[in-house]
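The following note sets out points for a colleague who wishes to read this model residue by residue. Please keep the sequence and the structure at hand while going through them.

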Amino acid sequence: MIINFNQKFEPEGNKIIHGAGQSPEQFVKYWKAVEDFKPVIYMEYVRINEIKLKLLKKIKTMLQISKNLSPQVGLNLKSRTKGAICKEVANGEYDSEIIFMIKILKKIQNPIFLRIGYEFDKDGKYNPKEFVEAWKRVVDLIKKNNINNIATVWCACPYQGTVPVEPYYPGDNYVDWFGVDVFSSRHFKDSNYKPVEDFLKLAKKHGKPVMIGESTPAKIGVDKGKESWDQWFEPYFKWIHSHPIIKAFCYINWDWGKDWKQPEWLNGRIEENEYVRKNFVKELSKSVYIHNRK
C-alpha cells in the first residue's frame, strides 16, 4: 500500500528518509560505519532560551561534516532553571531567540525538521494549553518571516504512563509531520503496543507522515551481535516496513553509559559490533531508503 499525504518534505511513495545522531563525534563514526548509505538527517538539540548562545556553533559543526545534511532540531521548551517556559514563549518573551533561529536555518538550502517541544506527553512536563500557544507562536513567526525550508514535527514518546496527546495538538495548519520516539523493543515488536499504534492511527487520521524522531536499542545494545540484531534491529525495521505512514527514521548511535551516563541502556554504537554493522548496512542498501548525496 502506497501512502502520500503531500505534506512538507514528505517523500513520495513509501520512501523513508535516513537520519542519525546525536552528537557530532558519534555521528561521524556512524557516517563512516554505514559505508555508501549516508544519513540525510542530522539530529541536534537546543533549549529555546539558549538559541543565541549555542545554535550557530551547532549548525557550523554539522555543515563541516556535509553541506547536504538536513538538521532535525529538537527545540526544548524548558529552561535549565525555570522548567517549562511555554507561557513566556507564547507571550513573546523569546521572540528574538526564535527569529535568530529561523534566520540561521533559512540560510541552509536543505529541508529542516523542527521538533518543537519534543516528547511533550511526559506527565507534568508541559501544560497543554500553554504548550499549544507556544507552538503556535513559533510557527507564526516562521510564517511571518517567510521561512519556507522548515517543516514542523509534533513528536511524542507514547508509552504507559504518558498523558493523552490530543490536548497538546496545535492543529493541522501548524503541524507538517507527526513524530514518535521508540526505544524498547516492546514499543514496536509485533506491532501490538497500543500507545504507539494508536499514535500512528492518529497521524493517519490527520493526514500526516510520521518521523521516528529518536530510536536506539535500549537495554539490548549491539554487543551481543546476532542476538542484538534479532531482538531489536530486525523487529524495528520490520515494524517500519509494515507501516507505510512512517517516512523517516533517526537512529541514536550512542553508548549510553559513555555518552549519556545511562549505562542500563547499553551500547548502541553500530560500528562497535561487526555483525550488527554489516546487517545494518544491508538493510540500508534497500531501495526504499533515501540517503545523503554526500
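1. Secondary structure. The chain contains 9 helices and 11 strands. The coordinates belong to a predicted model, and the points below should be read accordingly.

2. Overall dimensions. The C-alpha trace spans about 50 × 40 × 40 Å along its principal axes. The radius of gyration is 18 Å, which agrees with the value near 19 Å that a compact globule of 294 residues would have.

3. Burial and contacts. Of the 294 residues, 60% count as buried. Among contacts between residues at least 6 apart in sequence, 76% join residues that are at least 24 apart.

4. Surface and charge. The chain carries 48 positive and 36 negative side chains. The centres of these two sets lie 4 Å apart.

5. Salt bridges in general. The count of salt bridges comes to 16. Several are described individually in the next points.

6. The pair in helix α5. Glu-133 and Lys-129 form a salt bridge through their side chains, with an N to O distance of 2.7 Å. Both belong to helix α5 (residues 128-144), and because they are 4 residues apart there, about one helical turn separates them. Lys-129 is exposed, with a relative accessible area of 58%, whereas Glu-133 is partly exposed at 35%.

7. Lys-224 and Glu-227. Here the closest N and O atoms of the salt bridge are 4.0 Å apart. The cut-off matters to the assignment, because a salt bridge is defined as a side-chain nitrogen of Lys or Arg within 4 Å of a carboxyl oxygen of Asp or Glu. Lys-224 is exposed, its relative accessible area being 55%; Glu-227 is partly exposed, at 37%.

8. Arg-269 and its surroundings. Which residue forms a salt bridge with Arg-269? The partner is Glu-272, and the closest N and O atoms are 2.9 Å apart. Arg-269 has a relative accessible area of 8% and is therefore buried, while Glu-272, at 38%, is partly exposed. Arg-269 is also one of the residues in contact with Gln-26.

9. Gln-26. This residue is found in helix α1. Its relative accessibility is 3%, so Gln-26 counts as buried. Beyond its neighbours within four places in sequence, Gln-26 is in contact with Asn-253, Trp-254, Asp-259, Arg-269 and Glu-271.

10. Val-34. Where is Val-34 placed? Val-34 lies in the loop between α1 (24-33) and β2 (41-47). Is Val-34 buried or exposed? Its relative accessible area is 0%, so Val-34 is buried. Apart from residues up to four places away in sequence, Val-34 touches Pro-39, Ile-270, Phe-280, Val-281 and Leu-284. Val-34 and Phe-233 are 199 residues apart along the chain, and their C-alpha atoms are separated by 15 Å.

11. A salt-bridge network. Glu-35, Glu-274 and Arg-277 are linked to one another in a network of salt bridges. Helix α9 covers residues 274-284.

12. Backbone geometry to inspect. Most residues other than glycine have a negative phi, and most peptide bonds are trans.

13. The cis peptide bond. The bond from Gly-21 to Gln-22 is cis, with omega near 5 degrees. Gln-22 is found in the loop between β1 (16-21) and α1.

14. Asn-146. The phi angle of Asn-146 is positive, near 55 degrees. Asn-146 is situated in the loop between α5 and β7 (150-156). With a relative accessible area of 53%, Asn-146 is exposed.

15. Leu-266. A positive phi, near 70 degrees, is also found at Leu-266. This residue lies in the loop between α8 (256-260) and α9. Leu-266 is partly exposed, with a relative accessible area of 37%.

Definitions and conventions: Residues are numbered from 1 along each chain as its sequence is written. This is a predicted model: local features need pLDDT of at least 70, side-chain atom pairs count only at pLDDT 80 or more; totals for chains, interfaces and linings use all residues. Side-chain values use heavy atoms; hydrogens and water are left out. Helices (H or I, at least four residues) and strands (E, at least two) are DSSP runs, numbered from the N terminus. The radius of gyration is taken over C-alpha atoms; the globule rule is 2.2 Å times the number of residues to the power 0.38. Buried means under 20% relative accessible area, exposed over 50%, partly exposed in between (1.4 Å probe, protein chains only). Contact means heavy atoms within 4.5 Å. Lys and Arg count as positive and Asp and Glu as negative; His and the chain ends are not counted. The place of a charge is taken as NZ of Lys, CZ of Arg, CG of Asp or CD of Glu.
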